[in-house]
Amino acid sequence: MPVAGGEAKRLTRTALSENEATWSTDGKQIYFLSSESGSSQLWRMNADGKKRKRLTDYEGGIDTYAFSPDGSKLLFVSQVPYGKRVKDIYPDLPLSSGKVIDDVMYKHWDEWVETVPHPFVADLTAKGLENVKDILEGEPYESPMKPWGGIEQLAWSPDSKTVAYTCRKKTGLEYSVSTNSDIYLYDLASSTTKNLTEGMMGYDQNPVFSPDGRYIAFESMARDGYEADMNRLFIHDLTTGTNRFLSEQLDADVSNICWSADGATLFFLSSEEAVIQLYKADFATGAIQPLTNGQFDLDGLALVGDQLITYRHSMERPNELYRVNQADGSMTALTDENKELMAQLKPVTVERRFIKTTDNQQMLTWVVYPPDFDPAKTYPAILYCSGGPQGNIGQFWSYRWNLRLMASQGYIIVAPNRRGASGLGQAWKEQISRDYNGQNMKDYLSAIDALAAEPYVDENRLGCVGASYGGFSVYWLAGHHEKRFKAFISHSGIFNTEAQYLETEELWFANFDMGGPYWNVSDPAIQRTFAGSPHKFVQNWDTPILCIHGEKDYRILASQGMQAFNAAKIMGLPAELLLYPDENHWITKPQNSILWQRRFFNWLDRWLKPAE
């Protein structure tokens with residue numbers, strides 16, 4: 001579609017997905033990835049979608065890619081073997097399903113770690129890929145970093161002579177307790193590598209070269225082992241070798257860094273009072289100012305000419321593309337892809353509200369009212385407990401936890417930015433660490449109590465739902481809610497924090513947020529954390545509960561949900577377990593997702609809506 005706006009033209013109509021589309025330098029062709037040949041390979045077609053052609057047949061497939069600025073080289077990511085299989089150790093046991101494990105990080109998120117991604121550089125010729133070079137050849141490390149890293153963790157220099165890449169050069173236990181990644185510079189001519197962020201101890205990632213090639217902007221966290229540390233904007237000077245903290249005046253995370261064409265300005269996304277907006281920083285002075293403002297979140301950022309392109313969404317509407325004027329921040333909608341679907345839905349109202357907490361703070365809370373809301377009537381209400389525990393609770397749109405969908409079923413939804421939420425300053429975000437059972441739980445109750453006091457909320461029909469840390473919150477509140485709620489739903493929640501410490505894979509998370517292992521009896525903060533484990537308060541459970549979990553969830557094992565369900569049944573409570581053998585921390589397969597929604601609302605309606 002034209003950047004100026006207009007109708008979008010559909011280019012492909014195949015049974016499989018195409019992704020990672022990029023333009024050729026002359027704008028006449030489009031490169032993309034497709035699995036049409038049986039594995040993910042690089043393809044090319046004309047700009048009108050015609051003359052599709054597969055360009056590569058690389059064994060192992062291509063995960064993501066980027067052409068060098070001069071078009072002479074292809075940078076791509078592919079998986080390489082990690083560790084030894086049983087058949088490597090014992091060739092006479094090719095059918096054995098056993099796994100011989102001698103270190104931690106043998107599982108990650110939803111997979112057994114048997115491969116790691118490596119970046120490769122090659123020539124793309126009429127014969128396919130030639131002169132292929134593994135930048136991490138012989139190294140057992142991953143770049144991009146699992147599980148979320150993509151092409152944004154690698155970057156070409158403008159002169160096409162070097163590649164900057166993100167890597168945490170650790171394995172096993174050392175990997176599992178550390179977030180210390182670095183930005184490395186790989187020189188193609190000499191095949192040498194230089195660490196640009198040596199001594200910077202947290203996550204350093206997502207390098208972006210300045211237009212003149214002298215500087216690299218990147219995201220950096222200060223502390224090792226804290227994945228929710230402030231994500232800061234840093235500049236590396238390739239001439240002097242120094243690093244500059246450019247976003248020092250900002251008490252908020254930075255993401256999606258983008259240089260202006262002249263290198264005088266850096267654009268990025270950040271959050272103030274929970275909503276994610278566009279900001280710009282003056283490179284010379286470091287002065288920062290917001291460019292956009294509104295009750296919506298932005299996601300993704302790209303510079304096209306003198307215009308910025310981004311996604312915009314809210315609790316009311318899914319993503320659409322917008323053009324942003326980099327001078328004044330004015331926004332123009334480029335797409336309305338969901339117009340026909342959204343026209344079928346009755347509108348909801350999203351209210352931005354501040355609620356007083358037990359320690360006299362003002363807590364930003366989103367309240368979503370159902371269609372045709374009538375304040376003269378009374379409605380059931382649902383407390384939404386967010387995951388993370390550190391994370392933005394802004395104007396998010398989700399295809400799983402969709403607050404508009406919940407409200408459309410006739411519920412008032414209460415979504416508080418309790419302690420631990422990002423976008424409200426680092427102190428607010430960090431308070432939750434080592435205090436899982438403390439102030440943030442009081443924040444939840446302050447929010448639901450404030451709404452329950454309204455004449456249009458039926459205080460006898462309150463529900464509480466959440467996933468991940470939100471699922472932990474549900475389990476904890478089930479033992480402490482003092483009969484406020486009539487129904488609970490916990491998805492992928494922590495039920496037993498002692499078991500969670502030893503079951504999860506990224507130990508840095510448990511070490512920072514829980515303080516360390518539960519057997520450290522000399523640390524009172526650690527003991528308070530584990531003493532507050534939800535499983536120790538089951539004797540107080542008195543409310544129907546639905547537990548949901550995926551058996552491929554290696555972040556929070558499905559045994560946590562099974563324990564909670566079994567406990568509820570032993571206590572004689574109405575309870576249901578929705579278990580997915582083929583899903584991970586989220587439920588993503590189409591019919592699994594539909595089943596999830598049906599059981600979710602079936603449970604809420606059963607306990608929160610009077611029989612007709």
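The model is predicted, with local features requiring pLDDT of at least 70, side-chain atom pairs counted only at pLDDT 80 or more, and totals for chains, interfaces and linings using all residues. Residues are numbered from 1 along each chain as its sequence is written, and side-chain values use heavy atoms, with hydrogens and water left out.

Two cavities of 30 Å³ or more are present in the structure. On a 1 Å grid over the protein atoms alone, a cavity is a set of points where a 1.4 Å probe fits but cannot get out, whereas a pocket is an open set with protein on both sides within 12 Å along at least five of seven lines; lining residues have an atom within 4 Å of a point. Grid points are joined across faces, edges and corners, and a volume is the space filled by probe spheres set on the points. The largest cavity has a volume of about 120 Å³. Its lining comprises 13 residues, with Y82, V113, V116, E142 and Y175 nearest the centre. By class, this lining of the largest cavity contains seven nonpolar, three polar and three charged residues (Ala, Val, Leu, Ile, Met, Phe, Trp, Tyr, Cys and Pro count as nonpolar, Asp, Glu, Lys and Arg as charged, and the others, Gly among them, as polar). Two of the residues lining the second largest cavity are nonpolar, four are polar and three are charged.

The second largest pocket has a volume of about 560 Å³. Its lining consists of 25 residues, of which Y82, G83, K84, V100 and V113 are closest to the centre. Helix α1 (residues 86-89) supplies the largest share of this lining of the second largest pocket, three residues. The lining of the second largest pocket divides into 12 nonpolar, six polar and seven charged residues.

Helices (H or I, at least four residues) and strands (E, at least two) are DSSP runs, numbered from the N terminus. In helix α7 (residues 469-478), 10 of the 10 residues are buried, so the helix is largely enclosed by the rest of the structure (buried means under 20% relative accessible area, exposed over 50%, and partly exposed in between, with a 1.4 Å probe and protein chains only). The axes of helix α6 (residues 439-452) and α7 come within 11 Å and cross at roughly 80 degrees; axes are lines fitted to C-alpha atoms, for helices over the stretch in contact, and angles run from 0 to 180 degrees between N-to-C directions. Helices α6 and α7 are therefore roughly perpendicular to each other (65 to 115 degrees). The contact (heavy atoms within 4.5 Å) involves N440, M441, Y444 and L445 of α6 and Y469, F472, S473, W476 and L477 of α7.

Most residues other than glycine have a negative phi, and most peptide bonds are trans. The peptide bond from K146 to P147 is cis, with omega near 0 degrees, and P147 lies in the loop between β10 (128-134) and β11 (154-156). The bond from G388 to P389 is cis, with omega near 5 degrees. E20, in strand β1 (residues 18-23), has a positive phi of about 55 degrees.

Technical notes
Angles under 35 degrees count as roughly parallel, over 145 as roughly antiparallel, 65 to 115 as roughly perpendicular and the rest as oblique.
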